Amino acid sequence: MDMDAISKIWTILSLTLNLLGNTFVIFAIRKCNAIKLDKLSVWIVQLLAAADIGNGIFILLPVTIVLFRGWLFGNTFCKISYTYKYVFIVSNIFLINFFSLNKMYRCVAPLRNRTIEIRKQKRTILLVTITGCLLLPIYSIYTTFIRDSRVIEYSPSQCMCWSVYTGQESHTDQVIVYLLGVLLNAIPCFTLVITNTFLTVFALVKAKNKINKMNIVIVILVTVIFLLSVLPYFIYYATSGDTWTNPALVRFVTFAVFLSSSSNPIVYLFTNNRFRNFTFQLIRHGNKIDILNSNFNGSFKRHRSVINTINVQPGHISVSDKCNS
């Protein structure tokens, strides 16, 4: 089987899992509260799913069409698509960082009252994520449309549009690109490694029950899959610059990025009991499922009664699970 056939199968599977899986995740949370995590983590999971759907519609869908029919969208859309193609990847980087940081914070300070804090944290997460997502598009628009120092053209090896400087890249451009790479890629990836190392050690040493460990595993798996998806692309880009000399390798590292956008629903299915029970009952009973009285809800209530138990003794307070709720 040649690379072209593999690329077509991969993109079709990725696009299907992306759109159906992430749409189902949002539906399950909004309508049935079917993922058991703390409130802020569940909110971040919804944002991650929305970003992944955006990646599927605006990046993966055009790539899939290109593989079968060639570039059909014209030069104008080529330029436009280049300005936003990193938006959803960058949003994933920041959201997964906040996902990990929130879980680590809940492990360190389990008894803090977060009712007011959550609203502030949501505003901070949105502000930082949106700002980070806009930096690359603004710089691309400036260099491509305003200063006219780049030429955007379709790259067959990547199945998407790519840019080439019309002249010699200035020192200022090199510094800006380097700083953006550090700010949007290097620092967030380093932070992910640190936070997930902490969570792994905490799960092995401190976590007292299976539910707590599995909730930490969700964060770790989402992060690890994301890093495995995007790091090959960024490493190859950092070492090759604008010289993409190996079309097969370019296509591999480009398509690997889509793994993260399609895999998160599968991670939730295998690691979150409430989401798994809800999914299986929905498959078995369809629209006849009783959301309020079904087994997945009762099972959740039993877990919750154990998880939220606080034992108070003179001079001592202990919580059965530090990181779960």
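Author: **A charged trio, and what else is around**

With a relative accessibility of 10%, Arg106 counts as buried (that label means under 20% relative accessible area, with exposed being over 50% and partly exposed in between, using a 1.4 Å probe and protein chains only). Before going further, a word on the ground rules: this is a predicted model, where local features need pLDDT of at least 70 and side-chain atom pairs count only at pLDDT 80 or more, while totals for chains, interfaces and linings use all residues. Residues are numbered from 1 along each chain as its sequence is written, and side-chain values use heavy atoms, with hydrogens and water left out.

Back to your charges. You get 2 salt bridges in the structure, taking a salt bridge as a side-chain nitrogen of Lys or Arg within 4 Å of a carboxyl oxygen of Asp or Glu. One of them pairs Lys103 with Asp38, at 3.7 Å from N to O. Lys103 sits in helix α4 (residues 87-108) and Asp38 in the loop between α1 (3-32) and α2 (39-69), so this pair links parts that are 65 residues apart in sequence. By the way, helices here are DSSP runs (H or I, at least four residues), numbered from the N terminus. Lys103 and Asp38 are both buried.

Asp38 also meets Arg106 in a salt bridge, at 3.8 Å from N to O. Arg106 belongs to helix α4 while Asp38 is in that α1–α2 loop, so here the parts tied together are 68 residues apart in sequence. As for how hidden Asp38 is, its relative accessibility is 2%, so Asp38 counts as buried. Through shared partners, the salt bridges join Asp38, Lys103 and Arg106 into one network.

Now for α1 itself, where you'll find Ser14. Ser14 has a relative accessible area of 5%, so this residue is buried too. Its side chain reaches back to the backbone oxygen of Trp10, at 2.8 Å. Setting aside neighbours within four places in sequence, Ser14 is in contact (heavy atoms within 4.5 Å) with Leu60, Phe258 and Ser262.

Next, the rings. Rings of Phe, Tyr and Trp (its six-membered ring) pair if their centres lie within 6.5 Å; planes under 30 degrees apart are stacked, over 60 edge-to-face, and the rest tilted. That rule gives 8 aromatic pairs. Take Phe198 and Phe202: their ring centres are 6.0 Å apart and their planes at 35 degrees, so you'd call this pair tilted. The two are 4 residues apart in helix α6, which means about one helical turn separates them. Phe198 has 29% relative accessibility and so counts as partly exposed, whereas Phe202, at 10%, counts as buried. Another pair, Tyr268 and Phe275, is edge-to-face, with 6.4 Å centre to centre and 90 degrees between the planes.

At 29% relative accessibility, Ile176 is partly exposed. Its C-alpha atom is 8.9 Å from that of Tyr139, a residue 37 places away along the chain.

How values were computed
A polar contact is a pair of N or O atoms within 3.5 Å; within protein, one must be able to donate a hydrogen and the other to accept it, and residues adjacent in sequence count only if both atoms are side-chain atoms.
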